[in-house]
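Morning, everyone. One structure today, and I'll keep it brisk. Please have a look at the screen.

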Amino acid sequence: MAAASPLSSAAKGALLPWARGGHGGGLVRVLLGGALATAGGGGGSGSRRWQSSLPQLDHADRSDEESGGEIDWDNLGFGLTPTDYMYVMRSSPEDLGGGFSRGELCRYGNIELSPSSGVLNYAQGLFEGMKAYRRPGGGGYTLFRPEENARRMQHGAERMCMPAPTVDQFVRAVKDTVLANRRWVPPRGKGALYLRPLLMGSGPILGLAPAPEYTFLIYAAPVGNYFKEGLAPINLVVDDAFHRAMPGGTGGVKTIANYAPVLRAQVDAKSKGFTDVLYLDSVHKRYLEEVSSCNVFVVKGGAVATPAAKGTILPGITRKSVIELARERGYTVEERLVSIDELVDADEVFCTGTAVVVAPVSSVTYQGQRHAFRTGPDTLAQELYTTLTSIQMGLAEDSKGWTVAVD
């Protein structure tokens, strides 16, 4: 694999933001670019204001290579390939208004948190998922509706008692992360650079309460298709014993706490040959909710229905975009309660999400009975997939202003 472009010697030895200062003393260590940096704690002085020593990278520091080394772009899959840089920004009560100070790019590497950090003890954390694509002709990169991700993180942060970056801070951080890792953006048609913004309670806390400080971090990885089937239709199973959300909970925000609870059901389903799990509501056990990591749609004739995002359904950005595109094509699209009986009787079923884009569903198994649905080139799912990806990759005119250029 090609060597990553070097940072200045000062940046290599610098500490990540949460390794400076401290609460109540102690030794804090951070792995940064493979080297272990150490700093003494506050010596009982309590919280000290963080002073930045990581320089913002300039264009001269970034790699000019256009390839990610020895990656097999044709067989990329959806897995973690470490890239060169990550973006870090922090917030503490000492920051003006509780907001975030200027962020910085630093080498991708391990981080070390306090054992009593809010994210480790009370799951006070959120994440987003985004993709960057190469533009046709080699002229930069495109993001798809990054402002929507920023606003969704702000909404989730309010629910989880956390500060959040402004929309401008969020979008700028994403752009900087793409440019710093540009050699890892797959060739056109081979995938995308997946971006994972994280917001977490990094400060130490023992009693149940909001953390005293927060870290916003973005890392990136080149990815291909999310499901092993690629663009082939997927097969789901309905699990009415496990539930991913409940009324009044956090199902409507992208908190990390929503995802570990689905792992048991997902592992069981995959061991039986299914692609993923479709969950029902926790009250009636009759209405559709989501698949483990994506929204679901059912099509009957000229009508499309999807579960309403009213607290237990994540308001997906791809979901929102697909609703608009389907309506433009003359379909009646309803966001409402959708029963399992409606799904069984549907002509077509598909899933949407940043990772999966639009994934056609070949079958859904419910209470031991398999129900098959129409797939193929003449389906709405295929039409929406083609339209959406053409906009995302710059192959079609973006009359909606959904894409953002990164140069």
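This is a predicted model: local features need pLDDT of at least 70, side-chain atom pairs count only at pLDDT 80 or more; totals for chains, interfaces and linings use all residues.

Now, what does Y385 touch, once its neighbours within four places in sequence are left aside? It is in contact with L231, V357 and V358. Then take V322. In sequence, Y385 and V322 are 63 residues apart. In space, their C-alpha atoms are 8.8 Å apart.

Helix 6 covers residues 317-328. How do the axes of helix 6 and helix 8 cross? They come within 11 Å and cross at roughly 110 degrees. Angles of 65 to 115 degrees count as roughly perpendicular, so helix 6 is roughly perpendicular to helix 8. The crossing of the two helices is right-handed.

Who makes the contact? From helix 6, it is T318, S321, V322, L325 and A326. From helix 8, it is L384, T387 and L388. So much for the helices.

Next, the strands. Look at strand 10, residues 234-239. How many of its six residues are buried? Five are, so strand 10 is largely enclosed by the rest of the structure. Buried here means under 20% relative accessible area.

Which strands does strand 10 pair with? Take strand 17 to begin with, residues 357-366. Four bridges join strand 10 to strand 17, and the two run parallel. Within that pairing, N235 stands opposite S363 of strand 17. Strand 17 also takes us back to our opening residue: V357 and V358 are among the contacts of Y385, and strand 17 covers residues 357-366.

Then there is strand 11, residues 276-280. Strand 10 and strand 11 are joined by four bridges, and they too run parallel. Here V238 has L278 of strand 11 as its bridge partner. How does the chain get from strand 10 to strand 11? It passes through helix 5, residues 263-271. This β-α-β crossover is right-handed.

Last, the whole protein. The secondary structure comes to eight helices and 19 strands. The protein has 407 residues, and 53% of them count as buried. And the contacts?

Key
Residues are numbered from 1 along each chain as its sequence is written. Side-chain values use heavy atoms; hydrogens and water are left out. Buried means under 20% relative accessible area, exposed over 50%, partly exposed in between (1.4 Å probe, protein chains only). Two strands pair if DSSP finds at least two bridges between them. A crossover is right-handed if, with the strands pointing away from the viewer, the path from the first strand over the helix to the second runs clockwise. Contact means heavy atoms within 4.5 Å. Axes are lines fitted to C-alpha atoms, for helices over the stretch in contact, and angles run from 0 to 180 degrees between N-to-C directions. Angles under 35 degrees count as roughly parallel, over 145 as roughly antiparallel, 65 to 115 as roughly perpendicular and the rest as oblique. A crossing is left-handed if the near helix is turned anticlockwise from the far one by less than a right angle, and right-handed if clockwise.
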